[in-house]
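This briefing concerns nonpolar cores, a helix contact and aromatic pairs. Please consult the sequence and structure shown below alongside the text.

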Amino acid sequence: MSSTCSADPFDADALDEWMSAPRFKDVRRLYTARQVAEQRGSAPAEYPGTRRTAEAFYARLRELFAARRSMTTFGPYSPGQAVVMKRLGLEGIYLGGWATSAKGSLAEDPGADLASYPLNQVPDEAAAIVRALATADKNQFFSHTRLRRRQAGAPAPADFRPFIIADADTGHGGDAHVRNLIRRFVEAGVPGYHIEDQKPGVKKCGHQGGKVLVSSHEQLQRLNAARFQLDVMGVPGIIVARTDAEAANLLEACDDERDQPFILGVTDLSVPSYRAVVLSVMQHLGEQGIREISGHGMFALSKAERQQTMAWLRQAGLLPQIDAAAELIAGGRPDVDAAFDGLMNAVLDVWQAHAKLMTLGEAVSAALRGSGPKTAGLVPDGEGEGWRLRAGWFEIRERARALGVEVAWDCERAKTPDGYYQVRGGLDYAIAKSLAAAPFADLLWMETATANLDEARAFAGAIHAVFPDKMLAYNLSPSFNWDTTGMTDDEMRRFPEELGALGFVFNFITYGGHQVDGLASEEFVTSLQQDGMLALAKLQRRLRLIESPYRTPQTLVGGPRLDAALMAASGRTATTKAMGKGSTQHQHLQQTEVTPAVLDRWLARCAKDGSLPGGLRSELRPVSAGSDVLRLRVRTPAGATAAGLIYSEQPDRHGRRILWIHEEIAAGSSAPDALALTLAHLFAIQRGQASVELYASPTAENLRQIRVMKDAGIVAHADEQSGSVLVATVNAGRVAELVKDEGVALLQRAQPA
């Protein structure tokens, strides 16, 4: 997609052509190209970096959707985490308001996710991440450029493009706030943004209670305003429409017909209003001297309505309970909040049972079911349910009147003291909200109360029945206790893959980086307290094991590149190179343990002699993140595993270093495979300075390999104890002889014919 700017900044025809491109075939706009052009000014700014990133990110998401696959990621807690994510191959990055709230800033206290931070805070955090990714790309480019000069076949570079979807929250206000927020994201280099349908000012984290939704048309206005701002800036940004309707119970306004099927009303009009009950109870407690209960002072409740409500509370048998609670609180009950909440829950449970809250559709359906033979034959099965899901109040009432049915129903009586309508949240409401938003968004996200594949399948099916090409997003939230979802380990492992098959292309762990940061810090602090500086040594060993660039921190942050810039700028006269001999990084370049490069030399030596195929390479990694169990592989040029070990290093009570063999990996039983496996054993023994090899529950293949190593002199003898453990003593002198390059070739003589 090309730039939208032409020589004439008011070229509405060119802009209209851009807005009509295939990229936007499923996007609805409530404005014209002329209206966009009017906002651009005589010298419109260009954002080529953000534009290219948005184009590439969207194209990748469409590619994943077509293949029914997904990218799975999380929200980093720092720019450094974001760089690691991209370097290790996570395609996308999520940037959420939860972590932004939790960490605070120079001007804001850390706190819960209530969107109480300023409008600029998430864009500013995003800008730091984009800058860190750009710097990592520069450092990588410099390193690979220098490497290509010295050798062919430089490693493939990591993709550091900022494929970010960031939290635009509720838009932080009205139309102007939404456009201002999107402008800041674009200026920061962020290509994607999600906007939710909660009410600003009372917004909550999607996994907290008390969420208030805005009407569907207000959410569409936010989405349309966001798209308008993107068009003004000439950026095809990715808009994600989030709904919290699955778990919400409150709504700001009742005027939108798409919300009306889910609004609850009182069907027994003799019951006082919800608002009157709450305020009357509070006022009654206040009159009895409970100073902590005083919120009713912000409201006006007429004397007549108060008297009627108190009469109903007395008739319902609730007044004695209210007086008893007042006496407890006045008597010094320590937890006023808990006492008041318990009382109000009990009172409102009784009120709800009397009020018989229903949607209007449910009330009409109940009336039709109870109206006898006169109308029963005129209403097809499920018709009332259909009204509940689809129709607004006008249509429901008109159709009910045509059948001779009038119902008593009042949603105003169910309103809360702060003026919100009660709604029946759930999957149906979330689907309705998302179907309304679909034409204005690129992806749809339904916030959920827990991880549930059946619910995700139902949501995706309902959306794709109407919008078959609409991409979806899913929150793999840390707020869920994944061990209470009912999923097995294998089901959790496959969950992102299953979501991808349903059309969820962007799946993310919102504040995953926050918990990663906390766990890593806790573990290191504990290790430091227990082991002193051995804690740091252990950390450095793990960094060397996984070949992390964090093992050479000065290079990681760009020291060599900046030295090269210094030399270029000074004409090579500067004597202040940071990476010179005075840098302590040279300590990290010393070989402190045997590296896989040693095994690679052995493999190359045996290939030269013809005893092994050429091109074999070794790989040493933990079997899983953070594990002390290692997987050593010998790989073919095609990437297949020719041989290897899964092992761990453990000391025994006598101080001997034991190599515990968990599993041997061999592609076959031929002599070359056996030689590669023997070399793997030899490398592991040398690296771990092992004096004993131990097999638990040895197999016939293990016994065969031990015989091979006995014949080669690597182990002196082997004892099988109780038929379940095999212990082989290492011949240290023979190992020392064989690990020399010239000695490795001697292993050929010990291989089976």
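The points below are grouped by topic. The model is predicted. Its largest nonpolar core has 86 residues, and a search of the whole structure finds 16 aromatic pairs.

**Nonpolar cores**
- In the largest nonpolar core, F185, V190, L444 and F504 touch the most other members.
- Helix α6 (residues 121–150) is the element that gives the most to this core, contributing 7 residues.
- Leaving aside residues up to four places away in sequence, F185 touches V122, P123, A126, A166, D167, A168, V190 and Y193.

**Helix contact**
- Helix α13 (residues 360–369) and helix α16 (residues 393–402) have axes that come within 10 Å and cross at roughly 10°; α13 is therefore roughly parallel to α16.
- On the α13 side, L360, G361 and V364 meet W393, I396, R397 and A400 of α16.
- The contact of α13 with α16 comprises 5 nonpolar, 1 polar and 1 charged residues.

**Aromatic pairs**
- W445 and F508 are paired edge-to-face, at 4.9 Å centre to centre with 85° between the planes.
- Because W445 belongs to strand β11 (residues 443–446) and F508 to strand β13 (residues 504–509), this pair ties together parts 63 residues apart in sequence.
- W445 and F508 are both buried.
- The ring centres of Y474 and F504 are 5.5 Å apart and their planes lie at 85°, so this pair is also edge-to-face.
- Y474 in strand β12 (residues 471–475) and F504 in strand β13 are 30 residues apart, and both are buried.
- One aromatic cluster is formed by F57, Y94, F163, W445, F506 and F508.

Definitions and conventions. Residues numbered from 1 in each chain as written. Predicted model: local features only at pLDDT ≥ 70, side-chain atom pairs only at ≥ 80, totals over all residues. Heavy atoms only, no water. Core = buried A, V, L, I, M, F, W, Y, C linked by side-chain atoms within 4.5 Å. Buried < 20%, exposed > 50% of the residue type's maximum accessible area, 1.4 Å probe, protein only. Helix = DSSP H or I, 4+ residues; strand = E, 2+ residues; numbered from the N terminus. Contact = heavy atoms within 4.5 Å. Axes fitted to C-alpha atoms, helices over the stretch in contact; angles between N-to-C directions. Parallel < 35°, antiparallel > 145°, perpendicular 65-115°, else oblique. Nonpolar A, V, L, I, M, F, W, Y, C, P; charged D, E, K, R; others polar. Phe/Tyr/Trp six-rings, centres within 6.5 Å; stacked < 30°, edge-to-face > 60°.
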